[in-house]
Amino acid sequence: MGKKTRQAKRAADTAGDAAETAIDSKSFEVAARAGYIATGLLHLLIGIIAFQVALGQSGEANQSGALKQLASTPGGIFLVWAGFLGSAALALFLIAQAIFDWKNLDTKKRLKKQIIAGSKALVFAAISVTFSVYAFGGTGNSDQTARSVSSVLMSSMAGSVLLVAIGVGVLIAGGYHLFSGVTKRFEVNLVRVPHGTAGKAVIWLGRVGYTAKGAALTILGLLIVVATVRQNPEQSSGLDGALKSLRDQPFGPWLLAAVGLGLICYGLFSAVRSKYQKM
């Protein structure tokens with residue numbers, strides 16, 4: 001082994017040790033747990049807007065609509081910055097965990113853990129980017145962006161295939177959340193949940209919240225697939241469009257109100273989850 005190779009190996013080992021130390025750092029863990037509070041706040045606001053839309057009021061029941069509303073409230077920009085920093089810290093924590101924290105597992109289990117941690121890291125990285133847009137004074141419309149991207153992808157066969165794959169992925173995520181809500185699968189990721197009424201309330205929030213988010217993601221995934229098959233990018237309109245399409249169905253306002261309340265529960269659960277989530 002040459003000198004440069006040994007130096008590179010030592011540098012890699014040093015970086016690995018530093019990352020593992022960071023994972024075990026209490027302050028880093030506290031910052032990462034704030035990411036769950038950030039996503040909880042986001043879902044809480046989306047749920048409130050969805051419920052208001054079900055009552056006939058206007059609003060964007062998506063991430064951009066929620067953050068636009070939050071940023072416009074007195075002191076809201078500080079919460080936007082906190083959400084950005086918290087979700088970014090959680091994304092970094094999960095990336096480090098995916099790379100360095102599964103050395104004692106066999107290859108199959110390690111790969112599974114890495115895929116799960118990596119997927120979660122991508123989700124929270126995307127959330128941090130959304131927060132950052134408003135933290136730095138920008139604005140956006142996530143549904144308009146979804147339509148624009150869909151239009152570009154639908155212009156080619158490869159793009160259409162990719163868009164269908166994305167829709168199927170969203171459907172799978174929706175099915176996972178529905179399954180987790182119905183079976184309480186999410187409990188395996190919680191530790192030190194209190195006994196008695198408090199613990200039952202946490203689990204109840206999780207069941208209702210996961211089920212509602214699963215329903216919203218399922219509708220969104222179906223819309224993406226149907227819009228691609230019909231070559232109609234206007235139908236691929238993001239979460240706001242998915243929820244408003246639910247409102248336009250028979251008994252739609254009641255269903256949308258139920259989903260809105262469920263997303264509020266998911267938001268509250270995510271905030272509570274910051275304390276009990278396995279890290």
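Which side chain does E29 meet in a salt bridge? That would be R33, at 3.0 Å from N to O. Bear in mind that this is a predicted model.

**Salt bridges**

- The count comes to three salt bridges.
- E29 and R33 both sit in helix 2, four residues apart, or about one turn of the helix.
- Both partners of that pair are tucked away: E29 has a relative accessible area of 17% and is buried, and R33 is buried too, at 13%. The cut-off for buried is under 20%, so E29 makes it at 17%.
- K68 pairs up with E60, and their closest N and O atoms are 2.9 Å apart.
- Here the two side chains are partly exposed, with K68 at 37% relative accessibility and E60 at 22%.
- D248 and R247 make another salt bridge, with 3.4 Å between the closest N and O atoms.
- D248 counts as exposed at 56% relative accessibility, whereas R247 is partly exposed at 28%.
- As a bit of background, side chains of opposite charge can pair when their charged atoms come close.

**The largest nonpolar core**

- This core has 34 residues, and L42, F124, F131 and L243 are the ones touching the most other members.
- At least two residues each come from helix 2 (26-54), helix 3 (63-72), helix 4 (76-100), helix 5 (107-135), helix 9 (238-247) and helix 10.

- I77, F78, W81, L85 and F136 make a nonpolar surface patch of about 550 Å².
- F136 belongs to the loop between helix 5 and helix 6 (142-153).
- With a relative accessibility of 60%, F136 counts as exposed. The line for exposed is drawn at over 50%, so F136 falls on that side of it.

**Positive patch on the surface**

- K108, K109, K112, K113, R185 and K278 come together as a patch of positive charge on the surface.
- Look for K278 in the segment after helix 10 (252-276).
- K278 is partly exposed, at 43% relative accessible area. Patch members need over 30%, so K278 passes that part of the test.

Definitions and conventions: Residues numbered from 1 in each chain as written. Predicted model: local features only at pLDDT ≥ 70, side-chain atom pairs only at ≥ 80, totals over all residues. Heavy atoms only, no water. Patch = residues over 30% accessible without salt bridge, like charges linked within 9 Å, V, L, I, M, F, W, Y side chains within 5 Å. Areas by Shrake-Rupley, 256 points an atom, 1.4 Å probe, with all protein chains shown as cover. Salt bridge = Lys/Arg side-chain N within 4 Å of Asp/Glu carboxyl O. Lys, Arg positive; Asp, Glu negative; His and termini not counted. Charge placed at Lys NZ, Arg CZ, Asp CG, Glu CD. Buried < 20%, exposed > 50% of the residue type's maximum accessible area, 1.4 Å probe, protein only. Core = buried A, V, L, I, M, F, W, Y, C linked by side-chain atoms within 4.5 Å.
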